Amino acid sequence: MRLKCPYLWMHQCIGTTSYVHPCCVTYNNDPQWRTITIEQGLNSPVHKKSRQEFIQGKFPLICKICKDHESNNIVSHRQQALKEFRNCDYKQVKIKYLDIKFTNTCNLACRMCIPSSSSQLEKLYSSVETYDMPHHIQRSNPHFKSNSQAEKKVQHTKKLISEGLEILKVTGGEPFACKYFLEVIDWCIDNDYAKNLEIKFTTNATKINKKLLDKIKKFKKTKITVSIDGVGKIYNYIRHQADWKTFDKNIDLLNSYEEFKPLNISFCLQFYNMLDLENYVIWCKSKDIGPYVDVQIRPLDSELDVKFAPKSMKLKLLQDAEKHGLKNVYTYVKKCLEVEDIEKQKSLKRTTDIVDKLHNTDYKTSLCPEQVMFLSGAELSH
């Protein structure tokens, strides 16, 4: 049986480290993909090998996450792509969709994030020894240094746009804190490319303003995804240096633009927000926004993953997911219900203490009572 994924035929994904991947949801432990240059586009030997594997009915190693999701009846990124790009021409290999991170520049230091995706975390951990870092930071690129290829990425992006690029997706970092993203936006408008280009970007929505949004609406189509990860004090606790009231007002500003509807919201499921799911869904309904939950936190063995939480909390999450029709959450949590790992729970406690100290915060004043009781438990102190 032949398998297909449009991303390997039309999509280039370039991260802050300038590594090239098929898409933003990949298995990062495949070293073959770290040798590809931006200029090779979709014609590197690894791209060709991966396309051939799909044609032969095999999942390339880099696509392991989608394979695992599909085997567990969770809708994968590949399946979503097949639906979105159902008219993809598999006889042609050409970049039509560019997904790029110009830099890691960001104004926030979110708890589940990593230095290569946040300049604030890069700065925060620059003087911290690796063994004193949270586990999920150690497993990333803890001593990441802002790469020097941003200008090269800008030129590559402009070249593809001038050659007929159809979709430009920008993440980060925070796109609206990145001068290179803003430069590309102005360049597209000034050179009359905006009217033929669809743009997508993921933002924390803390730096938006009307002047900027009036520029964005000049593009052919705009799809905005806003990261939220919690409501009220949970939001403030997870998304360090953000303010819930400001964020809430900015969502109203985004919602006032018909050009940006429907607005996409992304909630990265993790220990800190797993008992806040109902508040999140209620808030989304109050804004006439469809709630979305990403169950796959990175790295894959992150101590923040809800699968390592106590069973009682997972049962509560399962109940909330069923109540609000969040099938992907229900499927994932049910599969993880019997997972029990005391070492991961100790690692979670250690991570919480480390980040609280660095952020000058206290989980006891921010999290739900059940979580506070669990993290304060004597069994996690040994």
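**Figure 1. The hairpin of strand 1 and strand 2.** In the hairpin of strand 1 and strand 2, 5 residues lie between the strands, and serine 18 adopts a positive phi near 75°. The model is predicted, so local features need pLDDT of at least 70 and side-chain atom pairs count only at pLDDT 80 or more, whereas totals for chains, interfaces and linings use all residues. Residues are numbered from 1 along each chain as its sequence is written, and side-chain values use heavy atoms, with hydrogens and water left out. Strands (E, at least two residues) and helices (H or I, at least four) are DSSP runs numbered from the N terminus. Strand 1 and strand 2 pair in the antiparallel sense over 2 bridges; two strands count as paired if DSSP finds at least two bridges between them. Across this pairing, isoleucine 14 stands opposite valine 20 in strand 2.

Figure 2. Strand 1 (residues 11–14) pairs with strand 3 in the parallel sense over 4 bridges, and glutamine 12 stands opposite leucine 98 in strand 3. Strand 3 also pairs with strand 5 in the parallel sense, over 4 bridges; here isoleucine 100 stands opposite valine 170 in strand 5. Strand 5 is in turn joined by 4 bridges to strand 6 (residues 198–203), and the two run parallel. In this pairing, leucine 168 stands opposite isoleucine 199 in strand 6.

Figure 3. Buried denotes under 20% relative accessible area, exposed over 50%, and partly exposed in between (1.4 Å probe, protein chains only). From strand 5 (residues 167–170), Ile167 and Lys169 point one way and Leu168 and Val170 the other way, and all are buried.

**Figure 4. Surroundings of asparagine 104.** Asparagine 104 is located in the loop between strand 3 and strand 4 (109–110) and is buried at 2% relative accessibility. A polar atom of its side chain lies 2.9 Å from the backbone oxygen of proline 115. Not counting residues up to four places away in sequence, asparagine 104 touches residues including Thr16, Pro115, Ser116, Glu122, Phe144 and Gly173.

Figure 5. A search of the whole structure finds 19 aromatic pairs. One of them, tyrosine 7 with phenylalanine 85, is edge-to-face, at 6.2 Å centre to centre and 70° between the planes. Tyrosine 7 lies in helix 1 (residues 7–10) and phenylalanine 85 in the loop between helix 4 (77–84) and strand 3 (97–100), so the pair ties together parts that are 78 residues apart in sequence. Tyrosine 7 is buried at 6% relative accessible area, and phenylalanine 85 is buried at 11%. Tryptophan 187 and tyrosine 193 form a stacked pair, 5.0 Å centre to centre with 25° between the planes. Tryptophan 187 is buried at 18%, whereas tyrosine 193 is partly exposed at 27%. Rings of Phe, Tyr and Trp (its six-membered ring) pair if their centres lie within 6.5 Å; planes under 30 degrees apart count as stacked, over 60 as edge-to-face and the rest as tilted. Tyr235, Trp244, Phe247 and Trp283 form one aromatic cluster.

**Figure 6. Arginine 111 over two tyrosine rings.** Arginine 111 lies over the face of tyrosine 237, at 3.6 Å from the ring centre. The charged end of arginine 111 also sits over the ring of tyrosine 272, 5.6 Å from its centre. A charge sits over a ring if NZ of Lys or CZ of Arg is within 6 Å of the ring centre and within 35 degrees of the ring normal.

Definitions and conventions:
A polar contact is a pair of N or O atoms within 3.5 Å; within protein, one must be able to donate a hydrogen and the other to accept it, and residues adjacent in sequence count only if both atoms are side-chain atoms. Contact means heavy atoms within 4.5 Å.
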